[in-house]
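Me: I've just opened this structure and I'd like to learn how to read it. Could you walk me through a few features?

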Amino acid sequence: MSKRKIIVTVTIIVGILVGTVATLNYYLSTSHVKNVKSKKELPSKKELPPKGIQIDGGTESSSSHLNTIVLTEYQKSEINHDFLDWAIDRARMGNMAVTDLYFNHGSGGHGDYFASTPDGDIQVQDMNNPGPSGFSIHAIGGVTFYTTLSGDTGYQDLSSNSIADGYGNDYDTNEPAVKYLLADNGVVYESIHHTGVNGPGSGYYEMDDTGKLDGTKEYTFYESKDSAAQSELKSILKKYTTN
């Protein structure tokens, strides 16, 4: 083989090798980009509701309600625990605090406590006046989002707070406090207290000792516009339903 042919052959081989390496590098680089894009991305600030929750009211009703389901007290506790786990992350994203102290009250009569909604009254505490059969909807649990004076965010354990303590001395009464009430029709209802002192008992009514409403009432809870909260509750409830 002549010297000229050897040079040409070597040049062709080198060109092929260079092209192969370049192709391989391109494949590896594009595969890496694809893998990065496939990872779950954090939601942008525009996708998050203000302060991590919706605070502009609720809708009056929805056709997406589930049939009410019968739950034991233990199951209700499990559901509320799972929802609270979700709410803790939600609160941190919105620089807010959250507690599972959504309802409490001082001395009163022997009537059931309830929340009033456009979909009907929700039994919150059963005193057997009138009892569960007197309500078409029943509370599973709930959480309260609020802002602290200290800037603490995430879960706040207020289980030892007395009625007088309310949400504690760290609660910033100049900022909205929002209660989420989880109902056994699969809906998250919302009550907003914009400013001023309010506590776990705010937004609820009590029946008289005969199981009848004593006085007048107004709607205090509305279906929350927080679609993420609605989806979360329905997802949690799936394992407790047969259909």
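Me: What kind of model am I looking at, and how are the residues numbered?

Reply: It's a predicted model, where local features need pLDDT of at least 70 and side-chain atom pairs count only at pLDDT 80 or more, while totals for chains, interfaces and linings use all residues. Residues are numbered from 1 along each chain as its sequence is written, and side-chain values use heavy atoms, leaving out hydrogens and water.

Me: How many helices and strands does the chain have?

Reply: Helices (H or I, at least four residues) and strands (E, at least two) are DSSP runs, numbered from the N terminus. Here you get three helices and ten strands. Their order from the N terminus is α-β-α-β-β-β-β-β-β-β-β-β-α.

Me: How do I read "buried"?

Reply: Buried means under 20% relative accessible area, exposed means over 50%, and partly exposed is in between (1.4 Å probe, protein chains only). Of the chain's 243 residues, 39% count as buried.

Me: Is leucine 237 buried or exposed?

Reply: Leucine 237 is buried, since its relative accessible area is 1%. You'll find leucine 237 in helix α3, which covers residues 227-237.

Me: Which residues does leucine 237 touch?

Reply: A contact means heavy atoms within 4.5 Å. Not counting residues up to four places away in sequence, leucine 237 touches Leu66, Ile69, Ile79, Ile140 and Gly186. Leucine 237 and glutamine 75 are 162 residues apart in sequence, yet 9.9 Å apart in space, C-alpha to C-alpha. Across the chain, of the contacts between residues at least 6 apart in sequence, 69% join residues at least 24 apart.

Me: What should I look for in the backbone?

Reply: Most residues other than glycine have a negative phi, and most peptide bonds are trans. Here, asparagine 95 has a positive phi, near 55°, and sits in the loop between α2 (73-93) and β2 (97-99). Asparagine 95 counts as exposed because its relative accessibility is 58%. Asparagine 128 has a positive phi too, near 65°, and lies in the loop between β4 and β5.

Me: Where is there a cis peptide bond?

Reply: Look between asparagine 129 and proline 130, where omega is about 10°. Proline 130 is in the loop between β4 (120-125) and β5 (137-146).
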